[in-house]
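Here is a short briefing on some helices of one protein model. Look over the sequence and structure before reading on.

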Amino acid sequence: MHRTPPHDNAAEQAVIGAALLAPALIGELTGIVTTDDFYRPAHAGLWRVLVELHAAGEPGDPVSVAAYLASSGGLARLGGAAYLHTLVVSVPTLDNATHYARIVAEHARRRAVVDLGERLTRIGDGDAADLLASGRALLADVTVAAWPPPIPLTARHGAPPFPVDALPGWLAAMVAAVAEFTQTPTDLAGCLALAALSTAAGGRACVEIRPGWREPCNLFTVVVLPPGSRKSAVFATMTGPLLAAERTLIDRAKPAIVEAELARRVATKAAERAANAAAHADNAAQDRLLADAAGATMNADAIAVPVLPRLVADDVTSEQAASLLAEQGGRLAVLSAEGGIFATLAGRYSGAPNLEVFLKGHAGDMLRVDRRSRPAEHVDRPALTLGLAIQPEVLRDIASMPGFRGKGLIARILFSVPENTVGRRRIGTDPVPLAVADAYADRLGALVAALDEWTDPAIMPLLPAANARVLDIEREVEPRLGPAGAWAHIVDWGSKYVGAIARLAGLLHLAARGSDGCTRPIDVDTVDQAVTLGRYFAEHALAAFDDMGADPVVDDGRHILAWIERTACRRFTKRELFSALSRGRFRKAADLDPALNLLQSHGFLRAEPTPERGGAGRPPSPAWLTHPDIARPAATVHPLSAVTG
C-alpha cells in the first residue's frame with residue numbers, strides 16, 4: 001500500500017503568500033522552515049527564489065517576483081503569475097505566518113520519520129547489532145538533513161577576488177604579473193592600480209553623470225592584509241612609475257622655475273632701487289618716484305615662482321596635505337603600505353581630529369585654510385587620492401576613531417579584504433615581464449604628463465546608453481538602503497556607491513583611451529566594467545564594516561555563538577543565556593531578542609514551542625535548540641551518537 005506523504009498544501013500556500021505580502025517576514029520564517037520542507041516542488045522552487053531575492057536585498061513582492069521568474073524562464077514552471085495571486089489571497093492573516101511555517105516544518109519532519117521507517121523495513125532480517133547500528137546511522141542522517149547548514153551572518157565569508165578582467169589590457173597584465181611574482185592576492189595590486197590611475201587623473205578630469213551631478217576622478221582605496229603579506233614590495237612596483245613620472249615633471253619644470261626665480265630677484269632689486277631713490281628725492285620728484293617704486297614692487301610680487309611638482313606623499317598631517325594641495329593645483333596622492341595616516345587624522349599630533357581636508361579632498365569641495373602665522377590657502381577643486389594597505393587591527397580601530405564614521409570619512413573608502421595567501425605561496429615565481437612593466441610605466445607616465453597640462457578639469461559626459469545603465473544601478477541600489485535592506489547598516493557607504501561607479505568608469509575610460517578620453521564621452525561598456533568593480537567593492541565593504549563591528553546586532557550574534565561553542569550547549573533558555581552574558585553587554589533580557597532573531601533566521605538556532613503556562617508563577621522562559629555543527633566540540637563523534645546511543 002502507498003500512502004500520500006504527510007503534508008499540508010494550505011499551510012505551504014499561506015507561508016509563501018505571507019512572504020509575498022510581507023517580504024520582511026522572510027528572515028524570521030527561514031529560521032523555521034527550509035526549502036526542503038515544502039512538499040510541492042513548485043512551492044520549494046518559489047521559496048528558494050524568495051530567499052535568494054531577500055538575501056540579495058532585492059524586492060520580493062508578487063510583481064517583482066513574477067518579473068524575475070519571467071526573465072529567467074521559470075514563471076510557467078512554478079505556476080505562472082495567476083498562481084502567485086492565488087498564494088497571496090490564500091493567507092488568512094499575516095499574524096500567523098510563523099504558525100503556518102511550523103505546520104510545514106512539522107509535516108516535513110513526519111515525512112522524514114516515515115521515510116526512515118521504510119528504509120529500516122527494507123534493511124530486513126539480520127544480526128540485531130548490525131540492524132541497530134544501521135538504524136542509528138539512518139536516524140543521524142535524517143536528523144542532520146532536517147537541519148541544513150546555517151547561513152553565514154555576514155558577507156565576509158567568501159568575498160570575491162579582484163576582477164582583473166574589468167581593467168584595460170595593459171593594466172590587467174601588470175596586476176596579474178605583479179600578483180603572480182609576489183604571490184600576493186590580485187586585490188592588492190588591483191586596488192593600487194586604481195589608486196595610480198586616480199593619482200594621474202586627480203583634479204584633471206571628472207565624470208558628468210547628468211547636468212548638476214559631476215564626480216571627480218579620484219578614489220580612496222584601502223586594502224586590509226596582515227603583516228608579512230609583502231605589501232611593501234607590491235607598493236614599490238605599482239607606484240614606482242608614478243615617482244618616475246614625478247621626476248620627469250620636475251625636470252620639465254626646473255628651467256621655468258630658475259627663470260622665474262631670476263626674474264623675481266631682478267625685479268625685487270629694481271623695486272629696492274626705486275624705493276631708495278624715492279626715499280632720497282626732494283619733494284618735487286618724490287611723488288613720481290614713489291609711484292615708480294610702488295609699480296616696481298607690484299611687478300616683483302606678480303612674478304610667481306612655480307613649485308616643484310609633487311604627485312605622491314606618504315604620512316602627512318591634514319595641515320601638510322592642505323598646503324601641498326594648494327601648491328600642486330589641487331592634486332595630491334597619499335600612498336602608503338601602512339595605516340599611520342589614520343592615527344594622524346585622529347589627532348596623534350594635534351590632540352584633535354582634523355578630517356576636513358580629506359573629506360573635501362574626496363568630494364572636490366572648495367577648501368580654504370586660514371592660519372595666523374601663514375597666508376590663507378585656497379583650493380577651488382581639491383582632488384586627493386588615498387591608496388593604503390593596512391593591518392586588520394587598524395581596520396577595527398578606525399571605526400572607533402572620533403568622527404571617522406559620523407563625518408563620512410569611512411563612507412568614502414573603497415575597501416578590499418582579500419584572502420591572505422601566506423602559507424600557500426609558491427616559491428621561485430617568474431618576475432614581471434619587461435614588456436608588461438614597460439607598458440605600464442609608459443602608459444601611466446603618458447597619462448600623468450598629458451593631464452598635467454589641464455588647468456580646468458576635463459568634463460567627460462556619459463553616452464545615452466551609459467546614462468541609462470547608471471539609472472538602472474540607482475534603481476537596484478535604492479531598496480538596499482532602506483531600513484530592511486541588505487545595506488541598511490552601511491547606508492552611509494551605500495549612498496556613495498553610484499558616485500563611486502562613475503569615478504571608476506572615468507578612470508577606466510582614461511586608462512583605455514589615454515588623454516584622448518578627456519574629449520570623448522564614456523560608453524556603456526566602460527560603465528559595465530565599472531559596475532563589475534563596484535560589485536566587488538560592495539561585497540568587500542560588507543566584509544570590512546562587519547570586521548569593524550558596524551552592525552551591533554551581528555556583533556551580538558557572534559557573541560552568543562561564541563558562548564554556544566565555548567559551552568557546547570545543545571539547548572538553552574533565554575533566562576540561562578541572559579544570566580551567562582548579562583555582564584556589561586546585555587543590560588536586560590529584551591536586549592537579547594534582535595540577536596536571537598538573527599541567529600534563528602540564519603539557521604543557527606531553532607525556537608522550541610512555548611509551553612503552556614500552568615497556574616500562577618513566572619511564565620516559562622523561551623528555549624532554543626542549537627545547530628549540531630556549532631554545539632559540538634571540535635574533533636568529536638557525530639553529536640547524535642550520544643543521543644541515539
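Helix H11 covers residues 283-302, 20 residues in total. Its first and last C-alpha atoms lie 29 Å apart, close to the 28 Å expected at 1.5 Å a residue. The model is predicted.

**Helix H11: its buried residues**
- Ala 285, Leu 289, Ala 293, Ala 296 and Ala 300 of H11 are buried.
- These buried residues pack against H10.
- An α-helix has 3.6 residues a turn, so residues three or four places apart point the same way.

**Helices H8 and H10**
- Two packed helices are described by the angle between their axes and the distance between the axes.
- H8 spans residues 169-182, and H10 spans residues 231-280.
- The two pack at an angle of about 150°, and their axes are 10 Å apart.
- H8 and H10 are therefore roughly antiparallel to each other, since angles over 145 degrees count as such.
- The crossing of H8 past H10 is right-handed.
- On the H8 side, the contact involves Met 174, Val 175, Val 178 and Thr 182.
- On the H10 side, Val 234, Thr 237 and Met 238 meet them.
- Sorted by class, this contact holds 5 nonpolar residues, 2 polar ones and no charged ones.

**Helix H19**
- H19 runs over residues 497-513 and has 17 residues.
- Its end C-alpha atoms are 24 Å apart, which agrees with the 24 Å that 1.5 Å a residue should give.
- H19 is mostly covered, with 15 of its 17 residues buried.
- Gly 514 follows H19 and has a positive phi, near 65°.

Notes
Residues numbered from 1 in each chain as written. Predicted model: local features only at pLDDT ≥ 70, side-chain atom pairs only at ≥ 80, totals over all residues. Heavy atoms only, no water. Axes fitted to C-alpha atoms, helices over the stretch in contact; angles between N-to-C directions. Helix = DSSP H or I, 4+ residues; strand = E, 2+ residues; numbered from the N terminus. Parallel < 35°, antiparallel > 145°, perpendicular 65-115°, else oblique. Left-handed = near helix turned anticlockwise from the far one by under 90°. Contact = heavy atoms within 4.5 Å. Nonpolar A, V, L, I, M, F, W, Y, C, P; charged D, E, K, R; others polar. Expected span 1.5 Å × (residues − 1). Buried < 20%, exposed > 50% of the residue type's maximum accessible area, 1.4 Å probe, protein only.
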